[in-house]
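The points below are numbered and can be read in order.

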Amino acid sequence: MKRRTLKRIINNRCGELFACVLQACHNNDAKANEDRDKAIAQIIMMQDDLVARLSHVEIGSTRLFFKKLHADFHEAESKIADMIIKLP
């Protein structure tokens, strides 16, 4: 798969997670806003980290690099999904 396609997938999934966070928080409770802000910060950090790593692929061990990137992406995505589920 091309790097451009992977970047597009990462950006789309992060956008979907961002929309889910906004949709999950309708109330103006201070605790809910704090949790929402943490989830949004996690999404942005995940997106920045993965796109930056994807822009600088390690030469020589590309197969291992992409497996690790894919595993880290799914792990971070599931953690954020759990955070979204726990939002008040």
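**Notes on the model**

1. Phe65 counts as buried, at 8% relative accessibility; buried means under 20% relative accessible area, exposed over 50%, and partly exposed in between, with a 1.4 Å probe and protein chains only. Phe66 has 26% relative accessibility and counts as partly exposed. The structure holds one aromatic pair. The ring centres of Phe65 and Phe66 are 5.3 Å apart and the planes stand at 80°, so the pair is edge-to-face. For such pairs, rings of Phe, Tyr and Trp (its six-membered ring) must have centres within 6.5 Å; planes under 30 degrees apart count as stacked, over 60 as edge-to-face, and the rest as tilted.

2. On the source: this is a predicted model, in which local features need pLDDT of at least 70 and side-chain atom pairs count only at pLDDT 80 or more, while totals for chains, interfaces and linings use all residues. Residues are numbered from 1 along each chain as its sequence is written, and side-chain values use heavy atoms, with hydrogens and water left out.

3. The protein chain has three helices and zero strands, in the order α-α-α along the sequence. Helices (H or I, at least four residues) and strands (E, at least two) are DSSP runs, numbered from the N terminus. Along the principal axes, the C-alpha atoms fill a box of roughly 50 × 20 × 15 Å.

4. Of the 88 residues in the protein chain, 24% count as buried. The accessible surface is about 6,100 Å², and carbon and sulfur atoms hold 56% of that surface; the areas come from the Shrake-Rupley method with a 1.4 Å probe, and for residues only the protein chains shown count as cover. Among contacts (heavy atoms within 4.5 Å) with a separation of 6 or more, 66% join residues 24 or more positions apart.

5. The protein chain carries 15 positive and 12 negative side chains, and the centres of the two sets are 10 Å apart. Lys and Arg count as positive and Asp and Glu as negative, with His and the chain ends not counted. Each charge is placed at NZ of Lys, CZ of Arg, CG of Asp or CD of Glu.

6. How many salt bridges does a search of the whole structure find? The search finds six, a salt bridge being a side-chain nitrogen of Lys or Arg within 4 Å of a carboxyl oxygen of Asp or Glu. One of them joins Arg36 and Asp37, at 3.5 Å from N to O. Arg36 is partly exposed, with a relative accessible area of 21%, and Asp37 is partly exposed at 42%.

7. Arg53 takes part in a salt bridge with Asp49 at 3.7 Å, N to O. Both residues lie in helix α2 (residues 30-55), four residues apart, about one turn of the helix. Arg53 is partly exposed at 21%, as is Asp49 at 39%. Asp72 also forms a salt bridge with Arg53, with the closest N and O atoms 3.0 Å apart. This pair links distant parts of the chain, Asp72 being in helix α3 (residues 62-85) and Arg53 in helix α2, 19 residues apart. Asp49, Arg53, Lys68 and Asp72 are linked in a network of salt bridges.

8. Not counting residues up to four places away in sequence, Asp35 touches Leu87 and Pro88.
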